[in-house]
Amino acid sequence: PRQIAQEIAAQLAPIDGVERVEVAGGGYVNLFFARAAFLASAVADAETVPAAAAADADAPKCIVEHTNINPNKAAHIGHLRNAALGDTLVRVLRRAGRRVEVQNYIDNTGVQVADVVIGFVHIAKKTPGEVRALAAQPKFDYYCWDLYAGVSRFFEEDKTRLALRGETLQSIEEGKGAASEMAGIVAPAIVRCHLRTMERLGIEYDLLPRE
């Protein structure tokens, strides 16, 4: 098979848009696109296609949910990758004339938020008022990221501290106590940080459903 593949590769005439041909493995013929030329051609073709008409208001709604970052720290490269993939799907569907609603689910009562609250209460020793002041700062999501990392070490030093997680989660879910108040400050502030980050990438949402 490899010999046959080599013969095929040797006899192939030049192909527009193909940069090179290589034989691989036990008999594969791999063709490599000339990427810059391929992309330029694809963009040129797209520009000649008329824009799709706006979807009818009564058309079935297609929901695309993406990003879904826990509101406890800054967005990292993995989050941004997922957001870019989701936004690309949204744009393709809209280009095809579909009526699309973009949702970004916010898990504002989860373990990750509880851990940041624990960090503020038991490590940073902050009051809700002090956290509110910090939340007004532009790099609040990065501050919480560092604090969240510290909470992992806090638990490792004394396993009995894990009981704090359950207590904090209960407070947040019931909407009672200082922990719940602090979560109500932290999560929305982090979401605003995430939205500013996504805005820089041209990514927008129609709905932010919460837990």
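A salt bridge, as the term is used here, is a side-chain nitrogen of Lys or Arg within 4 Å of a carboxyl oxygen of Asp or Glu. This is a predicted model, in which local features need pLDDT of at least 70 and side-chain atom pairs count only at pLDDT 80 or more, whereas totals for chains, interfaces and linings use all residues. Residues are numbered from 1 along each chain as its sequence is written, and side-chain values use heavy atoms, with hydrogens and water left out.

Let me start with the charged pairs. How many salt bridges does the structure hold? There are 7 salt bridges. In general, side chains of opposite charge can pair when their charged atoms come close.

One of these pairs is Glu19 with Arg20, whose closest N and O atoms are 3.4 Å apart. For accessibility, buried means under 20% relative accessible area, exposed over 50%, and partly exposed in between, with a 1.4 Å probe and protein chains only. Glu19 is exposed, because its relative accessible area is 54%, while Arg20, at 35%, is partly exposed.

A second pair joins Glu101 to Lys61, with the closest N and O atoms 3.2 Å apart. Glu101 belongs to strand E4 (residues 99-103) and Lys61 to strand E3, so this pair ties together parts that are 40 residues apart in sequence. Helices (H or I, at least four residues) and strands (E, at least two) are DSSP runs, numbered from the N terminus. Are the two partners buried or exposed, or something in between? Glu101 has a relative accessible area of 17% and is therefore buried, whereas Lys61, at 43%, counts as partly exposed.

Arg165 lies in helix H7 and Asp115 in helix H4, so the pair ties together parts that are 50 residues apart in sequence. Arg165 is partly exposed, with a relative accessible area of 25%, and Asp115 counts as buried at 4%. Elsewhere, salt bridges that share partners join Glu19, Arg20 and Glu22 into one network.

Helix H4 (residues 111-123) and helix H7 (residues 163-174) pack at an angle of about 110°, their axes being 9 Å apart. Axes are lines fitted to C-alpha atoms, for helices over the stretch in contact, and angles run from 0 to 180 degrees between N-to-C directions. Angles under 35 degrees count as roughly parallel, over 145 as roughly antiparallel, 65 to 115 as roughly perpendicular and the rest as oblique. H4 and H7 are therefore roughly perpendicular to each other. Their contact (heavy atoms within 4.5 Å) involves Val111, Ala114, Asp115, Val117, Ile118 and His122 of H4, together with Leu164, Arg165, Thr168, Leu169 and Ile172 of H7.

How do helix H5 and helix H8 lie, at what angle do their axes cross? The axes of H5 (residues 128-135) and H8 (residues 177-200) come within 10 Å and cross at roughly 0°, so these two helices are roughly parallel to each other. On the H5 side are Pro128, Val131, Arg132 and Ala135, which meet Ala178, Glu181, Met182, Ile185, Val186 and Ala189 in H8.

I turn now to a loop. His66 is placed between strand E3 (61-65) and helix H3 (77-95), and at 6% relative accessibility His66 counts as buried. Not counting residues up to four places away in sequence, His66 touches residues including Ala83, Asp87, Gln103 and Tyr205.

In that loop between E3 and H3 we also find Thr67 and Asn68. Thr67 has a positive phi of about 80° although it is not a glycine, and Asn68 likewise has a positive phi, of about 50°, without being a glycine. Thr67 counts as buried at 11% relative accessibility, while Asn68, at 29%, is partly exposed.

Ala75 is found in the loop between E3 and H3 too, and is buried, with a relative accessible area of 14%. Ala75 and Val191 are 116 residues apart in sequence, yet their C-alpha atoms are 9.9 Å apart in space. Leaving aside residues up to four places away in sequence, Ala75 touches Ile69, Leu80, Trp145, His194 and Met198.

Thank you for your attention.
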